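Please read the following points with the coordinates open beside you.

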Amino acid sequence: MALLAVKGLKVRVKEREILRGLTLTVNEGEIHAIMGPNGSGKSTLSHVIAGKPGYEVTDGQIVFKGEDLLKMDPEERVAKGVFLAFQYPVEIPGVAIMTFLRTALNAQRKARGESEFTTPDFLKKVREVSKSLNIPQDMLKRGVNVGFSGGEKKRNEVLQMALFEPSLCILDEMDSGLDIDALRIAADCVNALRSPGRAMVVITHYQRLLNCIVPDVVHVMSKGRVVKSGGKELALELEASGYANFRGRGLAVLRIFR
Amino acid sequence: MTLALANTNPECPARDVFTAALGRLPGAGAVAYARARAFDAFERAGLPHQRLEEWTCTDLRVLMRAVLPLAPLPDVAALVRAKAAVAQTALEGAAKLVLVDGVFAPDLSDLAAFGEGVDVKTVPEFLEYPAGADLLITFATDPMISLNAAMVTDGVVVTLGDGVALSPPIQIIHVATQALSSAFTRSHLKLGKSAQATLVESFVAADGASAYQVHDAVIAQIGEGANLSHLRVVADAADATNISSRIMTVHEKATVSSFNMTYGGTVTRYQGFITLAGARSELSINCVNLLNDTQHGDTTLVIDHAAPRCTSEGNFRCVVDDRGHSVFQGRIIAKAQKSQGTMMTRALLLSDEAKADNKPDLQIFADDVTCGHAATSGALDDSLLFYLRARGLPEKEAQALLIQAFLGEAIEEIADAGLREFVSARVARWLETRR
Ligand SMILES: Nc1ncnc2c1ncn2[C@@H]1O[C@H](COP(=O)(O)OP(=O)(O)OP(=O)(O)O)[C@@H](O)[C@H]1O
Ligand SMILES: [Mg+2]
């Protein structure tokens with residue numbers, strides 16, 4: 001059975017239909033890339049999978065590990081193994097990042113019926129992962145994302161992903177804001193998390209990320225639907241010719257691919 | 001309820017309470033005369049109501065309705081219950097002065113902890129002196145201060161000599177043990193020139209106390225160059241009423257930093273009248289209200305810049321849930337040149353029915369002053385909440401983290417680590433009860 005099965009998903013925000021019958025199947029161990037023009041609904045899909053309030057699901061379903069994800073609170077989804085690295089991580093002044101990481105990690109473990117981390121174990125783990133991501137220790141003394149550069153925020157997302165060890169990682173434009181070296185480092189960290197039991201959905205506009213994190217499947221989204229799916233060569237094709245071939249032809253392409 | 005119902009003289013129910021209490025009120029002669037006059041002043045005004053400018057948001061005729069009779073003198077059983085409550089609220093290392101139902105309890109207090117240069121008396125002792133009546137001052141025709149002057153049964157008078165630095169914090173603990181009755185206390189703190197002290201005030205309920213009233217006043221004189229750290233925590237029973245007044249005079253180059261936290265009581269009013277009477281004196285005052293259920297919490301501050309080059313910095317934060325109602329009135333009166341006064345208020349509303357009235361007010365009578373105020377009010381940020389939940393925090397826990405962050409900026413203003421921890425622990429406990 002698929003790890004994640006999104007079927008015919010229709011989502012509205014404020015009376016406007018943004019996802020218009022989206023179908024996507026992700027199996028354990030696979031890496032999927034989602035590409036598509038600005039505004040096609042990629043972040044919306046990631047938010048709906050993570051359970052962000054404010055979206056109205058009018059049709060379709062999301063099944064994760066055989067369970068109806070749409071019935072769960074965001075925190076329950078996290079406990080089941082869903083992780084979203086945000087396109088735009090928020091700043092939370094006054095909440096120290098270490099307090100945050102620890103509270104989050106222990107909340108997840110508690111929800112899964114696991115024992116909480118001891119302080120030394122926790123610190124050791126954070127130190128290990130942050131080191132591999134080239135995150136300076138003094139960055140960890142600040143408020144969550146407060147005053148972080150765009151790239152630092154993204155690295156902090158990957159840090160959390162590595163700490164929480166989810167079974168489905170959704171990376172929404174992890175590459176935006178990262179310099180070339182940071183991209184390489186973050187990608188290495190993501191690659192290190194590849195495992196037969198874990199799947200990833202990588203949302204990106206650029207081939208250079210997919211050179212580092214090589215996908216098994218590439219999807220093209222347009223106007224709230226997946227309009228084409230293919231192997232990693234599809235991304236190269238897009239890099240060369242852009243989205244012009246897909247724009248406005250959603251329905252036609254969809255028919256062919258069914 | 002029988003006690004309250006018995007108290008229904010339509011002319012002035014409070015007069016019955018006063019008359020019944022006379023036998024217990026310490027002081028004769030000038031003191032008794034001052035009491036009678038203070039009561040007359042209260043009687044003329046009655047309980048404050050919403051048509052009085054200072055009380056527009058807190059109508060005691062509706063919220064409090066009647067003055068309850070004096071609580072009986074605490075017996076052995078009451079003192080045993082009080083002792084348990086004191087143990088829960090004592091600040092580590094503090095020299096405690098405990099008032100149980102408005103009566104000083106020497107056995108629960110640490111009189112021996114006050115060393116050389118510090119004089120501690122109880123109010124009944126003090127009222128025997130010719131100057132005793134000075135303790136019963138009234139202020140700005142405020143009816144509740146008048147009532148307090150008339151009815152005060154006990155309190156402490158603490159005097160630090162010039163240059164005395166008292167190292168243990170003084171902790172005045174008010175414990176209620178009874179139901180449907182009142183305690184009237186008044187204390188006096190005098191810091192000599194360049195003296196230093198920390199004053200902590202705690203208001204708590206012992207097991208079994210309910211629907212009681214606390215009427216308290218503190219009069220403080222902060223001498224030239226002296227330094228006072230002040231922390232006040234209202235943790236009264238959920239159905240109690242607490243009406244407290246602070247009248248403070250700050251002399252030249254003295255510094256006062258004050259933090260108030262109210263999270264107990266169904267109706268509370270904390271009114272501070274602070275006069276910066278000496279040039280270059282400095283006041284930092286932070287207040288936090290944590291209210292839920294139908295709690296009504298009013299903090300009213302009047303800061304009078306009477307001497308030049310004084311600074312005052314006020315920060316007020318409230319977190320209001322359910323049908324709670326927080327009131328903040330802050331007035332800066334800038335009479336003297338080079339006055340610098342700021343007042344910031346921020347309200348965090350956790351439910352649609354929660355309410356916060358913020359009324360900062362500047363009265364400027366000099367041309368060279370820097371004064372300002374700002375107020376914001378809002379709910380928790382949804383995008384921050386979602387971020388935390390998307391990391392696995394249950395909703396209430398995510399809220400708690402954001403509320404702590406909201407309060408943190410005010411709590412960080414507390415310089416002393418021990419006091420800061422005392423406050424943080426209580427905030428954490430309050431958040432715990434919301435889960
Ligand atoms: N809360 C909202 N209110 C109104 N419109 C919204 C809201 N959220 C998303 N939209 C709209 O939905 C569409 C899809 O947005 P989404 O952020 O999912 O696009 P995207 O594919 O992630 O784009 P990008 O590549 O620029 O990140 C956009 O037109 C956007 O304006
Ligand atoms: Mg997006």
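1. In chain B of this predicted model, ten strands make up an open sheet of mixed pairing, and their order across the sheet is 2-1-5-7-9-11-13-15-17-19. Its edges are formed by strand 2 (103-104) and strand 19 (370-378) of chain B, each of which pairs on one side only.

2. Within that order, strand 9 (residues 227-235) of chain B and strand 11 (residues 255-262) of chain B run parallel, and eight bridges join them. One position to look at is Leu228(B), which stands opposite Val256(B) in strand 11 of chain B.

3. Helix 8 (residues 382-389) of chain B is mostly covered, with six of its eight residues buried. The buried residues of helix 8 of chain B are Leu384(B), Leu385(B), Phe386(B), Tyr387(B), Leu388(B) and Arg389(B), so that a charged side chain, that of Arg389(B), belongs to the buried set as well.

4. Turning to chain A, how many residues of strand 11 (residues 217-222) of chain A are buried? Six of the six are buried, and strand 11 of chain A is therefore largely enclosed by the rest of the structure. Both of its faces are covered, with Val217(A), His219(A) and Met221(A) buried on one side and Val218(A), Val220(A) and Ser222(A) buried on the other.

5. The pairing of strand 11 of chain A can be followed strand by strand. With strand 3 (residues 31-35) of chain A it pairs in the parallel sense over four bridges, and here Met35(A) stands opposite Val220(A). With strand 12 (residues 225-230) of chain A the pairing is antiparallel and has five bridges, one bridge pair being Val218(A) and Gly230(A). Strand 11 and strand 12 of chain A form a hairpin with two residues between them, and in the turn Lys223(A) has a positive phi of about 45°.

6. Two further lysines of chain A deserve a check of their backbone angles. Lys14(A), in the loop between strand 1 (4-13) and strand 2 of chain A, has a positive phi of about 45° although it is not a glycine, and this residue is exposed, with a relative accessible area of 78%. Lys65(A), in the loop between strand 4 (56-64) and strand 5 (67-68) of chain A, likewise is not a glycine and has a positive phi of about 50°, but Lys65(A) is partly exposed, at a relative accessible area of 40%.

7. Ligand 1 is surrounded by 15 residues, the closest being Gly39(A), Lys42(A), Ser43(A), Thr44(A) and His205(A). By class, this shell holds three nonpolar, eight polar and four charged residues. Oxygen atoms of ligand 1 lie 3.0 Å from an N or O atom in the side chain of Arg16(A), 3.0 Å from a polar side-chain atom of Asn38(A), and 3.2 Å from a backbone N or O atom of Ser40(A). The protein covers 68% of the 630 Å² of accessible area that ligand 1 has on its own. Strand 2 (16-26) and helix 1 (42-50) of chain A are the elements that give two or more residues to the shell, and helix 1 gives the largest share, three residues.

Technical notes
Residues numbered from 1 in each chain as written. Chains lettered and ligands numbered in written order. Predicted model: local features only at pLDDT ≥ 70, side-chain atom pairs only at ≥ 80, totals over all residues. Heavy atoms only, no water. Near = heavy atom within 4 Å. Polar contact = N/O pair within 3.5 Å; in protein donor to acceptor, adjacent residues only side chain to side chain. Areas by Shrake-Rupley, 256 points an atom, 1.4 Å probe, with all protein chains shown as cover. Buried < 20%, exposed > 50% of the residue type's maximum accessible area, 1.4 Å probe, protein only. Pairing = 2+ DSSP bridges.
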